[in-house]
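Hello,

Here is the structure for you to look through. My notes on what I found follow below it.

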Amino acid sequence: MKPRCILLALSLGVPFVASAQDPMNGMHHMPGMKHDSAGMPIPMPQGMPMIPGLVGLVPSGGTFLPGAGIDPERLPPAKPSEVVRLRSGDTLDLTARLVRRTIKGHSFAMYGYNGEVPGPLIRVPQNATIVVRFHNDIDLPSAVHWHGVRLDNRSDGAPGVTQEPVQRGGTFVYTVHFPDAGLYWYHPHVREDVQQSMGLFGNMIVDSPIADYYAPANSEHVMMLDDLLINGDTLVPFGGEGPDFALMGRVGNVLLVNGEPSYAVRVKKGEVARFYLTNTASSRTYNLSFSGAPIKVVASDQSRFEREVLVPSVVLAPAERYVIDVRFAQPGRYAIVNAVQAINHYKGEFEPQLDTLGFVTVDATPATADYAHAFAILRANHAVTSEIDRYRQYFDRAPDKRLTLTLQTTGLPLATVQFMTIDTAYYAPVEWIDGMPDMNWLSTSKQVRWIFRDNATGKENMDIDWHVARGSVVKLRLFNDPKSFHPMQHPIHLHGQRMLVIARDGIRTRNLVWKDTALIPVGSTVDLLIDASNPGDWMLHCHIAEHLGAGMMALIHVDP
Ligand SMILES: [Cu+2]
């Protein structure tokens with residue numbers, strides 16, 4: 001790695017020119033989202049100075065924070081998530097509203113579903129159909145997307161595609177059918193950079209009728225992973241007219257589990273604990289481990305794996321889910337650690353970064369049921385394999401469509417352009433932290449346009465109007481161009497269908513699982529096989545909230 005002396009050569013006081021170009025497609029406009037705040041500095045990593053040419057600049061377009069003018073102390077305190085068990089035919093009222101959250105001693109006006117953060121944990125049997133009456137009582141238009149659920153298109157909750165955004169005071173009734181057992185989550189699909197980050201997310205667990213669908217476990221725990229960007233005692237405001245942090249997405253400096261900065265569970269000696277993991281962060285990819293306790297990966301987004309495997313750690317990109325079993329053989333305190341490789345852009349070096357998300361305390365009393373034997377068996381899920389067998393005939397055929405992932409910028413500060421020109425001489429396949437928050441903060445969705453480009457037609461983003469017949473199997477090849485202005489990984493999410501990641505860089509995936517979100521590292525070519533079985537108009541998009549807000553989305557029509 002080369003030292004990054006370019007910083008010293010950058011000029012001072014480069015004027016900040018905002019472009020009038022609007023790259024958005026009308027789906028994420030927020031009229032009335034303007035406030036007068038003149039902006040504020042953002043926290044920088046220790047020992048990292050702001051780039052001289054960026055000092056004193058603020059993003060264009062004003063700022064937004066929830067509950068403007070409301071004293072947080074007058075809001076109801078957020079409650080922890082409660083389990084709501086529903087049967088087919090049941091109705092749930094779900095209201096997004098302002099709540100007070102107290103994080104590290106500071107109180108903020110934020111959001112919650114039914115006053116809870118995370119929102120209610122909806123637990124249903126497989127094949128249930130429920131009705132959710134959504135009420136919007138927050139100060140932004142909203143909607144609810146049922147992430148990963150192959151439901152009726154009308155209830156997909158994608159404003160601009162399947163419904164109009166729900167204005168404050170408005171209601172929308174969703175019919176949610178759960179055809180697949182597994183772990184899912186719900187969240188808004190309007191200004192996700194604000195609404196998800198402020199607390200609007202919740203899980204759904206869909207239970208299979210098969211008694212030993214998963215191996216036995218002594219306990220179950222839900223971990224919704226999130227991060228929050230705080231400067232001293234203040235939330236760093238959001239872009240008023242569209243997302244800021246448009247280059248890398250907003251990477252928080254406080255790591256949260258279930259909305260709290262410290263997570264604690266207590267188990268017994270020898271206990272097998274099942275963790276339901278969901279990454280709800282705007283941009284951060286996690287690499288989780290449990291102080292060496294063995295982790296068995298059981299399931300991901302929409303199914304179990306073909307085969308259970310033991311792993312040292314679990315990587316979760318935004319919106320991905322994993323079901324894991326962890327066995328705690330000895331009493332003691334096990335830290336839950338996010339261990340990643342940070343890039344110091346100033347020094348041009350990689351360095352390890354460890355964050356403790358919480359602790360598992362293991363009592364000396366043995367667990368009442370001893371599942372050591374079952375835990376030691378790595379199960380082969382033949383039902384998953386035999387279902388996927390029907391699709392293997394398509395694995396080797398030529399891709400039906402190829403998309404290149406790239407970006408265009410316009411009107412960025414000169415210092416940013418100069419820095420990036422040098423910085424992207426090398427790249428990391430996955431950026432785990434934000435090593436340059438000043439540059440990132442100052443980039444808005446008016447200056448940065450993230451792009452899916454159709455290799456065959458040259459069409460981009462929402463101009464890619466792709467029709468496939470219901471019941472067809474589609475091979476989609478994605479290439480993440482490492483030579484773009486700011487190469488970065490993208491967790492790509494497809495609504496309403498299921499897909500297999502069949503190959504990465506030409507290497508066949510050996511242990512398959514049905515997914516709805518797949519991480520595409522920089523420089524990688526990833527082949528997805530889509531089971532296009534659910535008719536309707538469905539979004540394909542990057543799940544980094546700010547990349548979505550900066551245009552990285554396309555439509556796939558599954559024709560009936
Ligand atoms: Cu992206």
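The protein chain exposes about 20,300 Å². Carbon and sulfur atoms supply 53% of that area. Keep in mind that this is a predicted model.

Now the chain as a whole. Of its 560 residues, 60% count as buried. The protein chain has 7 helices and 35 strands. Its C-alpha atoms fill a box of roughly 65 × 55 × 55 Å along the principal axes.

Next, contacts along the sequence. Take the contacts between residues at least 6 apart in sequence. Of these, 81% join residues at least 24 apart.

Charges come next. The protein chain has 49 positive and 56 negative charges. Their mean positions are 4 Å apart.

Now some single residues.

Start with asparagine 480. It sits in strand β28, which covers residues 472-480. Is asparagine 480 buried or exposed? Its relative accessibility is 1%, and the cut-off for buried is under 20%, so asparagine 480 counts as buried. What does its side chain meet? A polar atom of that side chain lies 3.0 Å from the backbone oxygen of isoleucine 520. Asparagine 480 also has a list of contacts beyond its neighbours within four places in sequence. Among them are Leu405, Met488, Gln489 and His490. The list also includes Ile520, Pro521, Val522, Gly523 and Ser524.

Glutamine 408 is in strand β25, residues 401-409. With a relative accessible area of 40%, glutamine 408 is partly exposed, because that value falls between the 20% and 50% cut-offs. Leaving aside neighbours within four places in sequence, glutamine 408 is in contact with Gln447, Val448, Arg449, Ile451 and Arg453. How far is glutamine 408 from glycine 259? They are 149 residues apart in sequence and 34 Å apart in space, C-alpha to C-alpha.

Aspartate 207 is in strand β10, residues 202-207. Aspartate 207 counts as partly exposed, at 26% relative accessibility. Not counting residues up to four places away in sequence, aspartate 207 touches Arg123, Val124, Pro125, Gln126 and Ala181. Aspartate 505 is 298 residues away from aspartate 207 along the chain. Their C-alpha atoms are separated by 35 Å.

Last, some backbone details in the loops.

Look at the peptide bond from valine 117 to proline 118. That bond is cis, with omega near -10 degrees. Proline 118 is in the loop between β4 (106-113) and β5 (121-125).

Asparagine 127 is not a glycine, yet its phi is positive, at about 75 degrees. Asparagine 127 lies in the loop between β5 and β6 (129-137). Its relative accessible area is 47%, so asparagine 127 is partly exposed.

Alanine 319 also has a positive phi, near 80 degrees, and is a residue other than glycine. Where is alanine 319 found? It is in the loop between β21 (314-316) and β22 (321-328). Is alanine 319 buried or exposed? Its relative accessibility is 0%, so alanine 319 counts as buried.

Best wishes

Technical notes
Residues are numbered from 1 along each chain as its sequence is written. This is a predicted model: local features need pLDDT of at least 70, side-chain atom pairs count only at pLDDT 80 or more; totals for chains, interfaces and linings use all residues. Side-chain values use heavy atoms; hydrogens and water are left out. Helices (H or I, at least four residues) and strands (E, at least two) are DSSP runs, numbered from the N terminus. Buried means under 20% relative accessible area, exposed over 50%, partly exposed in between (1.4 Å probe, protein chains only). A polar contact is a pair of N or O atoms within 3.5 Å; within protein, one must be able to donate a hydrogen and the other to accept it, and residues adjacent in sequence count only if both atoms are side-chain atoms. Contact means heavy atoms within 4.5 Å. Accessible areas come from the Shrake-Rupley method with a 1.4 Å probe; for residues, only the protein chains shown count as cover. Lys and Arg count as positive and Asp and Glu as negative; His and the chain ends are not counted. The place of a charge is taken as NZ of Lys, CZ of Arg, CG of Asp or CD of Glu.
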